[in-house]
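Please read this report with the model open beside it. It moves from the whole chain to single residues.

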Amino acid sequence: MMLQRFPVRSRTGSQSAGNSRANTSGGLLAPHDAMGPRGRSRSPSVQIPTASRSSGNISRARSPLVQTMTRPTSTSQSQVAGGTIHTQGSLRSRSPADSLDEPISAGMRRRRSSSADHSNPFLLTPRVSKRLKVYATRVAEETGVSEKPLHDFIDTGGIYHMLIDLKVCMLLNSVVNRETILNDLKELLESKDFKSALQNRLTACMLSPNLTAYVTDTHEHIMDFIKTHNEVFKIPKSLFEDAELSAQFSTVVSDLLACIRGNIKTKLVLSISKHLSIMDTAKSLAHSCIEVDASHWNRYAFLRRCLRIFLIGRSDYKNIPLKNLYSPSLLPSLHRDLRIKVGEALNIDMELDDEPTVQENADEVRENSDGGLDDRDGAGADTNIPDPSRDADLDGDEDENRDNGLDSGTDEGDIDTEGSGFGGNGKRPKYTSTKFWNFVDDSLEAVRSMAKELAKAEVEEGGDYDTAYEDATRNILVEYFQQDLAEFPGRRTVPKLLTTYSPQWQTTIQTKLLWTT
């Protein structure tokens, strides 16, 4: 019992323990004590087995930082609690088994892969490709397309490759789509619905009260207007990108303009023969295509006045007798030659003063202008005088080259440039039966010339030229309208004009389809 409580200790062991406690810190031998006589051999051949338990525990307990801070000295030995550790050099190479046993330490970085796929951002990694395929599958299900082409597209593996594939698809689709578009446009140009809608818009152009001319350069300017305002005519812009289709469309427009001019002339002739008012005539001309106001009445009255003078000059009394065509209100617009002709035919005294008339002013304008009698733009498509018994809504044109047996002068001799323009005295006429609209353009230019003279006089008194010119032009046409209304009152009184709201496309035509002559 006593021995158990107070064990007998060896003196030598006590001294050894005391020396150990005195010479160690925390149970380990100090470096200088390890070099003492009690130390074991320093031969490098003696080493602790790496598989021992104490060595393994100490190895796991040590920090890599401590290992890196060990000075590169020769082999040293240490003794801890009866165990001895031998190290050779500053750091010894560790076996794979040691590195597997060691935990992950802070401050250590994982080495990146040296694969070229990770260093090239334009190549798709397997992980990214997988995500893209998942997304492609979902999109394919939502849109109903096949997912295989999408997966094949992703499998190209690189952004540059994918861009090339996209460009190839675009080029192929462009060729196919262009052929499809061209075929659709050809069918559109040949369809009756398209031509009917186009004719309504072109009718609005020809019935515009501000139209500059009806034949002279009209087709060219209308084509430019259509290209600029294709939305008004509901024409796709792609039509003008193809030269063949554009030429075909230009032909369609030319034919429709000729048809519209023939229709207008036909209805004007019928209005004279039936003695219709200009308001009723305007309704027949508009045919629900446009909203009509007073400015339209003024212009249509001017057209009917021109037609009466033209028929007198052509001596075309087949459908309308001369006595129904002529009235004293036309006298200021009749050339001296026409006054003589009317006076002799009706056996009445005509005023043959030397004051120039509107017709004579038109002759002067025509002589000073180039191409005033140009027969292009469908000028030869005017109808000859139709039978008044025909339907007033006739929407077409008659034989443009047939002269109805009227004397148009001989093929020899000079053109009548000094007279009325209708020939006579052995001279060829300027205005044949197919050039009514040329006569209208010249007469309209004569009205503008008169308005310019009046505007200049207004400016000399301190007025604004543009305002004076517009007022003078409008006043001349209003006077024609009042004279026409007095001679063709019709069955109705003049309706009271209310505020009318024209559609935007009609306003665009009336304000933008203008050009200088």
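Helices (H or I, at least four residues) and strands (E, at least two) are DSSP runs, numbered from the N terminus. By that rule, H275 lies in the loop between α14 and α15 (278-286).

This is a predicted model: local features need pLDDT of at least 70, side-chain atom pairs count only at pLDDT 80 or more, and totals for chains, interfaces and linings use all residues. Residues are numbered from 1 along each chain as its sequence is written, and side-chain values use heavy atoms, with hydrogens and water left out.

**Overall**

The protein has 22 helices and four strands. Of its 517 residues, 37% count as buried. Buried means under 20% relative accessible area, exposed over 50%, and partly exposed in between (1.4 Å probe, protein chains only). The protein exposes about 31700 Å². Carbon and sulfur atoms supply 52% of that area. Accessible areas come from the Shrake-Rupley method with a 1.4 Å probe; for residues, only the protein chains shown count as cover.

Contact means heavy atoms within 4.5 Å. Among contacts with a separation of 6 or more, 68% come from residues 24 or more positions apart.

**The core**

A nonpolar core is a set of buried Ala, Val, Leu, Ile, Met, Phe, Trp, Tyr and Cys residues joined through side-chain atoms within 4.5 Å. The largest one holds 85 residues. Which of them touch the most other members? They are L202 and F249. Setting aside neighbours within four places in sequence, L202 is in contact with I222, I226, F233, V253, L256, L257 and I260.

**Helices α10 and α11**

Two packed helices are described by the angle between their axes and the distance between the axes. Helix α10 (residues 159-190) meets helix α11 (residues 192-206) at about 65 degrees, and the axes are 5 Å apart. L188, L189 and E190 make the contact from α10; K192, F194 and K195 make it from α11. By class, that is three nonpolar, no polar and three charged residues. Here Ala, Val, Leu, Ile, Met, Phe, Trp, Tyr, Cys and Pro count as nonpolar, Asp, Glu, Lys and Arg as charged, and the others, Gly among them, as polar. Axes are lines fitted to C-alpha atoms, for helices over the stretch in contact, and angles run from 0 to 180 degrees between N-to-C directions.

**Helix α22 and its cover**

Helix α22 spans residues 504-512. Its buried residues are W505, Q506, T508, I509 and Q510. Their cover includes α11, α12 (218-228), α13 and α16 (294-313).

V232 sits in helix α13. V232 counts as buried because its relative accessibility is 6%. Beyond four places in sequence, V232 is in contact with R201, W505, T508 and I509.

D217 is placed in the loop between α11 and α12. Its relative accessibility is 24%, so D217 counts as partly exposed.

**Pairs across the sequence**

| Pair | Apart in sequence | C-alpha distance |
|---|---|---|
| V232 and Q506 | 274 residues | 8.5 Å |
| D217 and W515 | 298 residues | 9.5 Å |
| G421 and Y431 | ten residues | 6.1 Å |
| A472 and L454 | 18 residues | 6.5 Å |

G421 lies in the loop between α19 (358-368) and α20 (436-460). Its relative accessible area is 0%, so G421 is buried. A472 belongs to helix α21 (residues 465-487). A472 is also buried, with a relative accessible area of 9%. Leaving out neighbours within four places in sequence, A472 is in contact with A451 and L454.

**Loop residues to check**

Most residues other than glycine have a negative phi. K234 has a positive phi, near 55 degrees. K234 lies in the loop between α13 (230-233) and α14 (243-273). Is K234 buried or exposed? K234 counts as exposed, because its relative accessibility is 64%.

H275 also has a positive phi, near 55 degrees. At 42% relative accessibility, H275 counts as partly exposed.

S333 is found in the loop between α17 (322-325) and α18 (336-346). S333 is buried, with a relative accessible area of 3%. A polar contact of 3.0 Å links its side chain to that of R305. A polar contact is a pair of N or O atoms within 3.5 Å; within protein, one must be able to donate a hydrogen and the other to accept it, and residues adjacent in sequence count only if both atoms are side-chain atoms.
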